[in-house]
Amino acid sequence: VATPRDAEIRKDVQTYYGQVLKKSADLQTNACVTAARPVPQHIREALQNVHEEVSLRYYGCGLVIPECLENCWILDLGSGSGRDCYALSQLVGEKGHVTGIDMTEGQVEVANKYIEYHMGKYGFQAPNVTFIRGYIEKLEEAGIKNESYDIVISNCVINLVPDKQQVLQEVYRVLKHGGELYFSDVYASLELPEEIRTHKVLWGECLGGALYWKDLSILAKKIGFCPPRLVTASFITVQNKELENVIGDCRFVSATFRLFKLPKTGPTQKCQVIYNGGITGHEKELIFDANFTFKKDEAVEVDEETVAILKNSRFAQGFLIGPDGEKLPTCGAYTALEVKDVITDPFELAGRSDSAESRSSSAVGGCCSAKKCS
Ligand SMILES: C[S@@+](CC[C@H](N)C(=O)[O-])C[C@H]1O[C@@H](n2cnc3c(N)ncnc32)[C@H](O)[C@@H]1O
């Protein structure tokens, strides 16, 4: 049952996204235009095929299009006007399916308006996308069944929900074993003070409800997910003096994490794996997260947790996984990642990306940048 404060937040958020904002440019922060990393060509093309009105009402903060999507069933939490759903519906193909759920009527209306347009553009006989009006913390009420999705995505939404544990618990329930939550959201550098958490505009702008980044792994563990895998991160800046004063020393990043739900199997050991280059759009290399990039035909030694993920998820088909503790025969190079090099702090990653970007002005990044490149 929602508390009176939760109900008030929902009402304010619905007004903000249903009536106050009309397009991405109306936002007061750069959460939506933060640079991340180059967008693969096939994703760029899928985004370019999305109808202009849908793209204009995009309010996401990252790129939530993972790899290996053919035939997958995907659920988008807080799908808004449907930009990510439509890009994904093309990438999963006619045998896959995408469901978008959002609580704001105006957003769901825009999304529904263009189903026929996109299916025609992709040449699909029957729609493979559905939009539902409902609450992401109450997926059961919306008719979403246990273990029914391969992937759950979400783009800048969970911060807007007061009860984040309830959302993640629902995601865990609806994911199949081996499935993952691949999501971009806003994180704070500290536990947010009351003054920020109760500020209506900051909440609407996705800052006031941001999770302290260290709390994500605590929540994930409590629910049963593997530890979060950090994919990308970039700093958010606020272009409004009044809001800056309220925020004070707190910093924000938008970050993409992947959270896997694995079947309960016995313990695994670290071992060598070789990527076979079979994943569409990632034939030369697969950038799995900020720590692991798998180059085709190159042996990489990975830790127990990564082995468990690769063995038990949809990525299994893309890898040759060596017997525990043994080396695989390879004609290519061999690499091993030192534990001390593993990066889990999105603020540290955003700092590294910033300095890398200033060294190379040619980088094209971010979700919105992808649109501008069209
Ligand atoms: C920042 S927008 C992002 C929309 C979309 N993901 C995109 O990238 O354009 C946040 C969306 O989350 C929705 N939302 C917020 N809280 C929600 C909740 N508890 N249940 C369902 N939708 C919610 C809002 O209606 C809004 O459309």
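Helix α1 provides the largest share of the lining of the largest cavity, at three residues. Keep in mind that this is a predicted model.

So what does that cavity look like overall? It's one of four cavities of 30 Å³ or more in the structure, and about 400 Å³ of space lies in it. Its lining takes in 29 residues, with G78, G80, D102, V157 and L160 nearest the centre. Two elements, α1 (4-20) and α4 (83-92), each give two or more residues to that lining. By type, the lining residues of the largest cavity split into 12 nonpolar, 10 polar and seven charged.

And what takes up the space of the largest cavity? That would be the ligand. Around the ligand sit 23 residues, and the closest are Y59, G78, D102, T104 and E137. G78 and D102 turn up here among the closest residues to the ligand, and they also figure among the lining residues nearest the centre of the largest cavity. As for the makeup of the shell around the ligand, it comes out at 12 nonpolar residues, eight polar and three charged.

Now for some polar contacts between protein and ligand:

| Residue | Protein atom | Ligand atom | Distance |
|---|---|---|---|
| G78 | backbone N or O | nitrogen | 2.7 Å |
| I136 | backbone N or O | nitrogen | 3.0 Å |
| Q107 | polar side-chain atom | oxygen | 3.3 Å |

G78 and I136 each use a backbone atom to reach a nitrogen atom of the ligand, whereas Q107 brings a polar side-chain atom to an oxygen atom of the ligand. How much of the ligand's accessible area does the protein cover? On its own the ligand has 600 Å² of accessible area, and the protein covers 99% of that.

Methods:
Residues numbered from 1 in each chain as written. Predicted model: local features only at pLDDT ≥ 70, side-chain atom pairs only at ≥ 80, totals over all residues. Heavy atoms only, no water. Near = heavy atom within 4 Å. Polar contact = N/O pair within 3.5 Å; in protein donor to acceptor, adjacent residues only side chain to side chain. Areas by Shrake-Rupley, 256 points an atom, 1.4 Å probe, with all protein chains shown as cover. 1 Å grid on protein atoms, 1.4 Å probe; cavity = no way out; pocket = protein on both sides within 12 Å on 5 of 7 lines; lining within 4 Å. Sits in = over half its atoms within 2 Å of the grid points. Nonpolar A, V, L, I, M, F, W, Y, C, P; charged D, E, K, R; others polar. Points joined across faces, edges and corners; volume = space filled by probe spheres on them. Helix = DSSP H or I, 4+ residues; strand = E, 2+ residues; numbered from the N terminus.
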